[in-house]
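Have the structure open while you read and look up each spot as it comes up.

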Amino acid sequence: MLLLLVPVLAVIFVLGGTRAQSVTQLDGQVTVSEGAPVLLKCTYSSSVSVYPFWYVRYPNQGLQFLLKYVSGPTLVKGIKGFEAEIKKSESSFHLKKSSAHVRDAAEYFCAVSDTVPETAGELNTNLLRY
């Protein structure tokens, strides 16, 4: 059985300023077999230190927080078996899961912030389609 993971939007979060930031999700659509590992790539650029996030939107549901990097170990473990590793030298924060399931079929969104956010509800978002 095939699983379709669709990261179709890149999100730029701008908090309290006009610093230049951008996020690129390198794969428009990813198809994997159930039980296979999955990797969703995200790179970013910014003139300041950033805090990357991943969000997910399951079919017929709203956007949900998946995981974020603030500081400490470079490997961040999220919910439902997802994890991401920040590589500051490559400006990347790729999302991965060792074994994909049909229930993981969704849209995945990578985002960055230049301030440690306490609540996502306070963020202004600009959505970019590609």
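1. Start with the aromatic cluster: Phe53, Tyr55 and Phe65 form one together. Keep in mind that this is a predicted model. Three aromatic pairs turn up in total. One of them is Phe53 with Tyr55, a stacked pair with the ring centres 5.9 Å apart and 15° between the planes. Phe53 and Tyr55 are both buried.

2. How do the rings of Tyr55 and Phe65 sit relative to each other? Their centres are 5.9 Å apart, but the planes are at 75°, so this pair is edge-to-face. Since Tyr55 belongs to strand 7 and Phe65 to strand 8, the pair ties together parts that are ten residues apart in sequence. Is each of the two buried or exposed? Tyr55 has a relative accessibility of 7%, so it counts as buried. Phe65, at 41%, is partly exposed, because that value falls between the 20% and 50% cut-offs.

3. Now step back to the whole chain. Of the 130 residues, 39% are buried. Among contacts between residues at least 6 apart in sequence, 65% join residues at least 24 apart. The chain exposes about 7,000 Å², with carbon and sulfur atoms supplying 53% of that.

4. As a general point, nonpolar side chains in soluble globular proteins tend to be buried together. Here the largest core has 24 residues, and those with the most contacts inside it are Leu40, Trp54, Leu66, Leu67, Phe93, Leu95 and Tyr108. Several elements give two or more residues to this core, including strand 5 (38-40), strand 8 (63-68) and strand 11 (92-97). Which strand gives the largest share? That is strand 12, with three residues.

5. There is one disulfide to check. It joins Cys42 to Cys110, with an S to S distance of 1.8 Å. The pair links distant parts of the chain, with Cys42 in strand 6 and Cys110 in strand 12, 68 residues apart. The torsion about the S-S bond is about -75°, so the disulfide is left-handed. Both Cys42 and Cys110 are buried.

6. A word on strand pairing. Strand 10 and strand 11 run antiparallel and are joined by five bridges; Ala84 stands opposite Leu95 in strand 11. The hairpin of these two strands has four residues between them, and Ser91 there takes a positive phi near 50°. Strand 11 also pairs with strand 5, again antiparallel, over three bridges. On that side, Val38 has Lys97 of strand 11 as its bridge partner.

7. Last, have a look at Val50. Where does Val50 lie? You'll find this residue in the loop between strand 6 (42-46) and strand 7 (51-57). Val50 is at 9% relative accessibility, so it counts as buried. Leaving aside neighbours within four places in sequence, Val50 is in contact with Tyr44, Val112 and Ser113. The C-alpha atoms of Val50 and Ala111 are separated by 9.7 Å, although the two residues are 61 apart along the chain.

Key: Residues are numbered from 1 along each chain as its sequence is written. This is a predicted model: local features need pLDDT of at least 70, side-chain atom pairs count only at pLDDT 80 or more; totals for chains, interfaces and linings use all residues. Side-chain values use heavy atoms; hydrogens and water are left out. Buried means under 20% relative accessible area, exposed over 50%, partly exposed in between (1.4 Å probe, protein chains only). Contact means heavy atoms within 4.5 Å. A nonpolar core is a set of buried Ala, Val, Leu, Ile, Met, Phe, Trp, Tyr and Cys residues joined through side-chain atoms within 4.5 Å. A disulfide is a pair of cysteine sulfur atoms within 2.5 Å. Accessible areas come from the Shrake-Rupley method with a 1.4 Å probe; for residues, only the protein chains shown count as cover. Two strands pair if DSSP finds at least two bridges between them. Rings of Phe, Tyr and Trp (its six-membered ring) pair if their centres lie within 6.5 Å; planes under 30 degrees apart count as stacked, over 60 as edge-to-face and the rest as tilted.
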